Amino acid sequence: MLLEFIVLSVIGIVFFIIGWLIWKWEKINLIHNYHYKNVAEADKKAYTALMGKGAITIGIGIILTGIIDFITQTGWGDCIWRLFYRWIGAHDLCRDEI
C-alpha cells in the first residue's frame with residue numbers, strides 16, 4: 001500500500017504541476033496541438049485556464065485517492081474521488097463555453 005501511495009502521489013503532483021503551468025503560465029504547448037490548433041489568440045487565456053484547472057482537479061483527485069486508500073487500506077479512495085468529481089460538476093468542464 002505504501003508503494004501505491006507513493007506512485008499515486010507522484011502522478012498526482014505531476015498532473016498538478018502541469019495544470020499549474022498550463023493555467024497560470026499559459027503554456028498551451030503542454031497540451032497536444034490537436035486540442036488547441038483552432039483556439040483563437042483572444043481565447044487562449046480562457047482555454048488555458050479551463051484546461052489547467054481540469055488537470056489540477058485530476059491531480060488533486062489522484063493524490064486524495066492515494067491518501068484515502070493508504071489510510072483505509074481499501075478501495076474507498078476511488079469511490080470518494082468519483083463522488084467528488086460528480087459533486088463539483090467537473091464533467092461540465094468540457095462544454096463549449098469558451
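Visitor: In which helix of the protein chain is confidence lowest, and in which is it highest?
Guide: This is a predicted model, and the mean pLDDT of the protein chain is 83, with 84% of its residues at 70 or more. Over residues 93–98 the pLDDT is below 50, and beyond near neighbours in sequence this stretch has six contacts in the model. Where pLDDT is low, the predicted coordinates should not be read in detail. Among the helices, the lowest mean, 71, belongs to H4 (residues 76–87), and the highest, 94, to H1 (residues 2–24).

Visitor: Are the rings of tryptophan 20 and tryptophan 23 stacked or edge-to-face?
Guide: The structure holds two aromatic pairs. In the pair formed by tryptophan 20 and tryptophan 23, the ring centres lie 5.8 Å apart. Planes over 60 degrees apart count as edge-to-face; here the angle is 75°, so the pair is edge-to-face.

Visitor: Which residue lies over the face of tryptophan 23?
Guide: Tryptophan 23 lies in helix H1, three residues from tryptophan 20, about one turn of the helix. With a relative accessible area of 26%, tryptophan 23 is partly exposed. At 4.3 Å from its ring centre, the residue over its face is lysine 24.

Visitor: Is threonine 65 buried or exposed?
Guide: Threonine 65 belongs to helix H3 (residues 44–72). A polar atom of its side chain lies 2.8 Å from the backbone oxygen of glycine 61. Buried means under 20% relative accessible area; threonine 65 has 11%, so it is buried.

Visitor: Which residue just after H3 takes a positive phi?
Guide: H3 has 29 residues and spans 42 Å from first to last C-alpha, close to the 42 Å expected. Just after H3, a positive phi of about 60° is taken by glutamine 73.

Terms used: Residues numbered from 1 in each chain as written. Predicted model: local features only at pLDDT ≥ 70, side-chain atom pairs only at ≥ 80, totals over all residues. Heavy atoms only, no water. Helix = DSSP H or I, 4+ residues; strand = E, 2+ residues; numbered from the N terminus. Buried < 20%, exposed > 50% of the residue type's maximum accessible area, 1.4 Å probe, protein only. Polar contact = N/O pair within 3.5 Å; in protein donor to acceptor, adjacent residues only side chain to side chain. Expected span 1.5 Å × (residues − 1). pLDDT = per-residue confidence, 0-100. Contact = heavy atoms within 4.5 Å. Phe/Tyr/Trp six-rings, centres within 6.5 Å; stacked < 30°, edge-to-face > 60°. Lys NZ or Arg CZ within 6 Å of the ring centre and 35° of its normal.
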